[in-house]
Amino acid sequence: MSHLLYDALVKKDESYVGKYYVAVKTTGVYCNMNCPCKKPLYENTLFFSSVKECLIRGYRECKRCRPISLLNKNLEEIDQNEIVAKYITWLEGEKFPDKSYKQHPIGSAEELNLIKSVFEKSTGISLGKYIRVKRVGYILNNDEKSVRNRISFDYVDSPLGEMIACYSEKGLILLEFIDRKSLETELAKIRKILKGYFVHNTPEQHKILSKQITEYFNSQRKEFSIELDFIGTEFQKQVWKKLANIPYGEVVSYSYQAGQLGRPNAVRAIANANGKNMISIIIPCHRVIASNGKLTGYGGGIGRKKWLLDLESKSASLL
């Protein structure tokens, strides 16, 4: 399929515009399929079916063909179009945009709401999520390489959204949804503790992880066989190891966890440790719920937690 899309890119085939986008690994830019820019080598291209996928992977909008601006061209109010286009131009030029909208060139709360609405409608991703992803992408791809230890990272596709996996020489240290709010903090923690730098590559263990995650989401796998390298305090590691023992398709309460650890009064501390877990799904903190049965405390979002529990309950008889 990728060879077919590359041929269409070279020919600037108009029938592919809006259906597929090309991302260029060497420049970090994504383009429309009819972009007038010089065509990259085949091995430097990736093809995606939406702007959202390009943005989540951290690619920037091409300044010549302007895919997002093309999506916005049908706005009825020209002044609104100009407001949004001006802001997007600014945002695309920012390598590491500030977390606070107060530091962005936005004139009022009404302008911010307009920009948010149009951006999400056009791209399929919220503005806040895109800014988080862009900041994470910058951290991963512009790391200072004067330190000793290499931290490999690569992406994992899932029905619940793009995930990112990071590896030390010992094993998997992080598996998170790329839009998780605390991901930037987690990456900073990993880098500081390991005194390492991030490198985008695909180690052999990532191939194994991707295969097993796909099998999990296809209800073909209950357990994982991935080497793990926990980054945390000794107490947190104890909590995570107990988490790993919760059977597929079952749920427990935080108080049950506390009892299993022999610390019945440490419910709050255990819940906090669950929240610090950086290896989603494999260390199944989604299987822990409140004593009253409510779904609480999941970094990937309550919607994802419910989805995962529903998946496991439907296939709990899997051998």
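Which side chains meet in a salt bridge of 2.9 Å, N to O? They are those of Asp310 and Lys306, a salt bridge being a side-chain nitrogen of Lys or Arg within 4 Å of a carboxyl oxygen of Asp or Glu. This is a predicted model, where local features need pLDDT of at least 70 and side-chain atom pairs count only at pLDDT 80 or more, while totals for chains, interfaces and linings use all residues. Residues are numbered from 1 along each chain as its sequence is written, and side-chain values use heavy atoms, leaving out hydrogens and water.

**Salt bridges**
- The structure holds 11 salt bridges.
- Asp310 and Lys306 both lie in helix H12 (residues 302–314), 4 residues apart, about one turn of the helix; helices (H or I, at least four residues) and strands (E, at least two) are DSSP runs, numbered from the N terminus.
- Lys306 is partly exposed at 45% relative accessible area (buried is under 20%, exposed over 50%, partly exposed in between, with a 1.4 Å probe and protein chains only).
- Asp179 and Lys129 pair through their side chains in a salt bridge of 3.0 Å, N to O.
- Asp179 lies in the loop between E7 and helix H7 (183–194) and Lys129 in helix H6 (residues 127–141), so this pair ties together parts 50 residues apart in sequence.
- Lys129, Asp179 and Arg304 are linked in a network of salt bridges.

**Around Glu176**
- Glu176 sits in strand E7 (residues 172–177) and is buried, at 1% relative accessibility.
- Its side chain forms a salt bridge with that of Arg180 (3.2 Å, N to O), and Arg180 is buried too, at 10%.
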